[in-house]
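Please keep the sequence and the structure in view while reading.

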Amino acid sequence: MKIIKMGMPIFLILLSVVFLIGSFNLPKANLGNPNGPLYFPIGLSFLLLIFSVLYLFQELKTLNKENKKITQMLSGRTPKLIGLTVLLGVGYAFIFEIIGFLFSTVLFLGALLFVVNGKQKWKVNLIVTVCFSFLSWYAFSVLLGVSLP
């Protein structure tokens, strides 16, 4: 439980430090203020670092208290849903370029809806999958003129 509570603030602190180091390595501008392109990413990195440290202290205060939300999240079918969603997302990323947007979205969304809703609602799953996939393809390809794979 302590690892879960402390993991996110520590991850955010490390992420902010990486972004801060990366921000200082950005190239300087040729025109105007040479440090102009650095101000925004450095500022955001410092803000993320400050809020992450505050988050860490907040979690340290409540470290030994039982958190019912985390306990609930780790019980039941929630871990299975999270794991399957991650696996389906990775699979979607791999097949997206191979079979294209429309078919890969139908497969991904269909599988995800069957995992979440179950086989009992197969009609609703199928209708939502096909309608959403087609309408999103139509909106991007036809209405916005964006080429999709």
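Apart from neighbours within four places in sequence, Phe 114 is in contact (heavy atoms within 4.5 Å) with Lys 119, Trp 122 and Asn 125. The model is a predicted one, in which local features need pLDDT of at least 70 and side-chain atom pairs count only at pLDDT 80 or more, while totals for chains, interfaces and linings use all residues. Residues are numbered from 1 along each chain as its sequence is written, and side-chain values use heavy atoms, with hydrogens and water left out.

- Phe 114 belongs to helix 5; helices (H or I, at least four residues) are DSSP runs, numbered from the N terminus.
- Phe 114 is partly exposed, at a relative accessible area of 34%; buried means under 20% relative accessible area, exposed means over 50%, and partly exposed lies in between (1.4 Å probe, protein chains only).
- From C-alpha to C-alpha, Phe 114 and Val 124 are 9.8 Å apart in space, and they are 10 residues apart in sequence.
- Val 124 is placed in helix 6 and is partly exposed, with a relative accessible area of 48%.
- Val 124 and Ala 139 are 15 residues apart along the chain, and their C-alpha atoms are separated by 22 Å.

**Helix 5**

- Helix 5 has 17 residues and spans 23 Å from its first C-alpha to its last, close to the expected 24 Å at 1.5 Å a residue; the expected span is 1.5 Å times one less than the number of residues in the helix.
- The buried residues in helix 5 include Phe 101, Ser 104, Thr 105 and Leu 109, and Gly 110, Leu 112 and Leu 113 are buried there as well.
- Helix 4 (78–99) and helix 6 are the elements against which the buried residues of helix 5 pack.

**The loop after helix 5**

- Gly 118 follows helix 5 and has a positive phi, near 90 degrees.
- Gly 118 lies in the loop between helix 5 and helix 6.
- With a relative accessible area of 17%, Gly 118 is buried.
- Gly 118 is in contact with Leu 113 and Asn 125, when neighbours within four places in sequence are left aside.

**Helix 6**

- Helix 6 (residues 122–143) contains 22 residues and reaches 30 Å from its first C-alpha to its last, close to the 32 Å expected at 1.5 Å a residue.
- Asn 125, Thr 129, Ser 133 and Ser 136 are the buried residues of helix 6.
- Viewed down the axis of helix 6, these buried residues fall within an arc of 75 degrees, so they line one face of the helix; the arc is that of the directions from the helix axis to the C-beta atoms.
- An α-helix has 3.6 residues a turn, so residues three or four places apart point the same way.
- The face turned away from the buried side of helix 6 carries the exposed residues Lys 123, Ile 127, Leu 135 and Leu 143.
- Helix 5 (101–117) is among the elements that cover the buried residues of helix 6.
- Thr 129, in helix 6, counts as buried at 3% relative accessibility.
- Neighbours within four places in sequence aside, Thr 129 is in contact with Val 106, Leu 109, Gly 110 and Leu 113.

- Helix 2 (residues 36–61) gives the most to a nonpolar surface patch, with 7 residues.
- Helix 2 has 26 residues and extends 39 Å from its first C-alpha to its last, close to the 38 Å expected at 1.5 Å a residue.
- Leu 38, Ile 42, Ser 45, Ser 52, Leu 56 and Glu 59 are buried in helix 2.
- Helix 1 (2–24) is among the elements that cover the buried residues of helix 2.
- Leu 12 lies in helix 1 and touches Leu 48, Ser 52 and Tyr 55, not counting residues up to four places away in sequence.
- The C-alpha atoms of Leu 12 and Leu 56 are separated by 9.3 Å, although the two are 44 residues apart along the chain.
- Phe 40 is in helix 2 and is exposed, with a relative accessible area of 61%.

Methods
Helices (H or I, at least four residues) and strands (E, at least two) are DSSP runs, numbered from the N terminus.
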